[in-house]
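Welcome! Please take a look at the structure below, and then we will walk through it together, topic by topic.

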Amino acid sequence: MNNTDTMTDGPSRPGRFAEFWSYFSENRGAIVGLVVFVAFIFIAILADFIAPHSPTQQYREALLQPPMWLEGGTSQFILGTDAVGRDLLSRLIHGARFSFFIGLVVVVISAGSGVLIGLIAGFAGGWVDTLIMRLMDILLAFPSLLLALVMVAILGPSLTNAMIAIAIVLQPHYVRLTRAAVLQELPKDYVTSARVVGARRVRLMFVTVLPNCMAPIIVQAALSFSTAILDAAALGFLGLGAQPPTPEWGTMLADSREFVLRAWWVVTFPGLAILINVLAINLMGDGLRDALDPKLKRS
Amino acid sequence: MLGFILRRLGTFIPTFIGVSIVSFLFIRLLPGDPILLMAGERGMSDARYAELMTQFGFDRPLLVQYWDYLTGILRGDLGLSFKTKLPVWDEFFALFPATLELSLCAIVFAVLIGIPAGIVAAVNRGKWPDQALMSTALVGFSMPIFWWALLLIILFSGMLGWTPVSGRISLMFFFPTDTGFMLIDSFRSGQAGAFASAVEHLILPTIVLGTIPLAVIARQTRSAMLEVLSEDYVRTARAKGLSPFRVNGLHALRNALIPVITVIGLSVGTLMAGAILTETIFSWPGIGKWMVEGISSRDYTAVQGGLLMIAVIVMVVNLIVDVLYGFINPKIRQ
């Protein structure tokens with residue numbers, strides 16, 4: 001008995017994290033994504049200290065001032081100002097907070113509830129399973145942005161409601177993934193032996209089976225982090241997400257739409273921030289998938 | 001095969017009923033009384049209120065209301081618009097061709113570029129064309145399309161002055177719109193410049209709506225091709241000395257296309273969601289813009305009808321894709 005323990009857990013075997021990291025770091029794109037993402041987190045945390053101006057302070061003498069490297073720009077406003085004279089760079093920096101916060105909240109709500117429901121469906125089987133999966137089919141029949149749009153119409157336009165709506169829309173994917181993974185794990189010997197030893201159902205669900213289902217769920221979490229940011233920005237852009245003067249990137253784009261042909265910078269930079277952020281997370285997601293789940297490997 | 005179709009229909013019908021319940025509940029879940037919402041700030045007399053309650057059927061028990069709603073759908077009756085008091089069904093189908101035309105153009109654009117890009121990437125696996133194409137695809141996949149639309153407007157409409165900013169055709173043209181497809185109608189009208197104007201108006205919305213499907217199709221084509229290229233029969237074809245074009249184009253692509261076609265079919269939902277943003281930005285008079293306007297003007301019967309119809313369209317297309325897939329690939333039928 002002791003002998004087998006040392007064989008499986010001995011120091012010669014690299015730790016789980018080291019193994020994961022060696023796969024993950026092979027992917028150069030994933031590393032770039034990770035670095036950019038961590039940078040965004042730092043910008044979000046330190047926004048109050050980094051931002052040169054307040055995100056809501058209006059400089060009436062400097063409306064729609066171009067970025068500093070263009071004619072008419074000054075070093076006071078590095079990326080220029082918007083239509084009411086707010087510093088664009090400071091608003092973008094504070095916007096990183098919202099973006100990160102939206103992604104985090106949506107992933108926690110959708111993954112938390114989705115995994116729980118998926119576990120129940122997988123373990124219960126029978127009519128409970130059928131009922132849950134049919135309900136998820138119904139949610140999946142609606143295009144995600146459309147369903148989120150309609151839910152926000154019911155709940156009222158605000159950032160919180162937009163996050164709730166997006167979380168509900170993304171949740172069925174977790175249910176399906178978790179259920180599929182559970183069904184794959186259930187017939188395996190280690191589950192049977194845990195059952196024979198007398199593990200209770202809750203323990204079987206969360207301690208025995210769930211850790212072995214995590215790989216696709218983590219990959220999905222990265223994917224839905226970026227989807228959440230995109231959809232929240234889209235709702236903000238349509239006037240149904242965060243409300244002005246919140247410096248949320250999508251809302252900033254909506255505010256600046258009418259100046260699209262007069263002041264390109266007020267439109268270009270917020271969108272660029274969204275794109276870079278989402279791209280970084282997707283790069284990381286690809287790396288996670290390759291590292292965690294060799295079966296899903298793209299090539 | 002028949003059994004497979006019946007089984008697939010067996011999941012279609014409960015989902016359809018569920019979708020109809022969701023859209024039915026939509027108006028009932030709204031905060032406040034929908035009839036009072038319709039009256040707006042002016043309010044209305046009690047008599048008028050009772051009249052409207054009866055007209056929209058809100059005074060009857062919920063189950064009766066749902067039954068009427070469900071049987072109404074099957075008869076092609078989605079109720080009257082709060083705003084225009086016209087049948088929602090008619091409004092939907094008056095605008096739907098615009099969305100369909102745009103979506104078809106977008107998917108053609110995505111397929112014409114996405115499949116060759118995926119093939120080139122797969123054949124050059126790991127080399128620079130692969131890396132360049134797949135990096136571009138990932139950027140496309142991550143694109144906030146509403147911003148992409150604004151960028152294209154800045155470049156092509158603002159700086160270069162090549163393309164118009166909004167609408168389906170220049171206002172100077174007027175002709176009967178029999179088919180609802182502007183490309184066909186403008187061509188049939190025979191007016192000089194009408195067709196060209198319709199094409200100009202389509203270019204930017206097509207690119208914007210097609211971007212994400214293009215990225216998805218390119219990635220999917222690449223991975224499907226890679227899988228097929230490692231199969232024995234491809235090695236045999238190579239060993240026989242067939243030209244790379246015959247091997248890649250005929251032997252491999254034909255089998256790689258099966259999952260790609262599924263992805264194309266399943267992108268209807270993406271297109272519908274994208275149409276909401278694209279149509280709003282380009283003032284394209286289709287379903288997406290109509291839905292957004294319906295929400296902001298509180299035309300909730302229109303939103304309800306649109307929600308149901310879009311979900312049904314997505315479900316029907318998915319059903320067709322599944323059945324076709326089962327037809328091509330017998331393994332799926334089990």
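## How two chains meet

Between chain B and chain A the count is one salt bridge, meaning a side-chain nitrogen of Lys or Arg within 4 Å of a carboxyl oxygen of Asp or Glu. That salt bridge joins the side chains of A:Asp286 and B:Arg219, at 3.5 Å from N to O. This is a predicted model, in which local features need pLDDT of at least 70 and side-chain atom pairs count only at pLDDT 80 or more, while totals for chains, interfaces and linings use all residues. Residues are numbered from 1 along each chain as its sequence is written, chains are lettered from A in the order in which they are written, and side-chain values use heavy atoms, with hydrogens and water left out.

**The interface**

- In contact (heavy atoms within 4.5 Å) are 45 residues of chain B and 38 residues of chain A.
- The two chains bury about 3,800 Å² between them, 82% of it on carbon and sulfur atoms; buried area is the accessible area (1.4 Å probe) that two parts lose on being put together, summed over both.
- B:Phe146, B:Trp147 and B:Leu150 supply 16% of the area that chain B buries against chain A, more than any other three residues.
- Four residue pairs are in polar contact across the interface, both residues at pLDDT 80 or more; such a contact is a pair of N or O atoms within 3.5 Å, where within protein one must be able to donate a hydrogen and the other to accept it, and residues adjacent in sequence count only if both atoms are side-chain atoms.
- Helix 1 of chain B gives the largest share of the side that touches chain A, eight residues; helices here are DSSP runs (H or I, at least four residues), numbered from the N terminus.

**A serine in helix 7**

- B:Ser157 sits in helix 7 of chain B and is buried, with a relative accessible area of 12% (buried means under 20%, with a 1.4 Å probe and protein chains only).
- A polar atom of the B:Ser157 side chain lies 3.0 Å from the backbone oxygen of B:Thr163.
- Leaving aside neighbours within four places in sequence, B:Ser157 is in contact with several residues, including B:Pro164 and B:Leu204.

**One face of helix 3**

- Within helix 3 of chain B (residues 46-56), B:Leu52, B:Met53 and B:Phe56 are buried.
- Seen down the helix axis, these buried residues fall within an arc of 105°, so they line one face of helix 3; the arc is that of the directions from the axis to the C-beta atoms.
- After helix 3 of chain B comes B:Gly57, with a positive phi near 80°.

Definitions and conventions: Helices (H or I, at least four residues) and strands (E, at least two) are DSSP runs, numbered from the N terminus. Buried means under 20% relative accessible area, exposed over 50%, partly exposed in between (1.4 Å probe, protein chains only).
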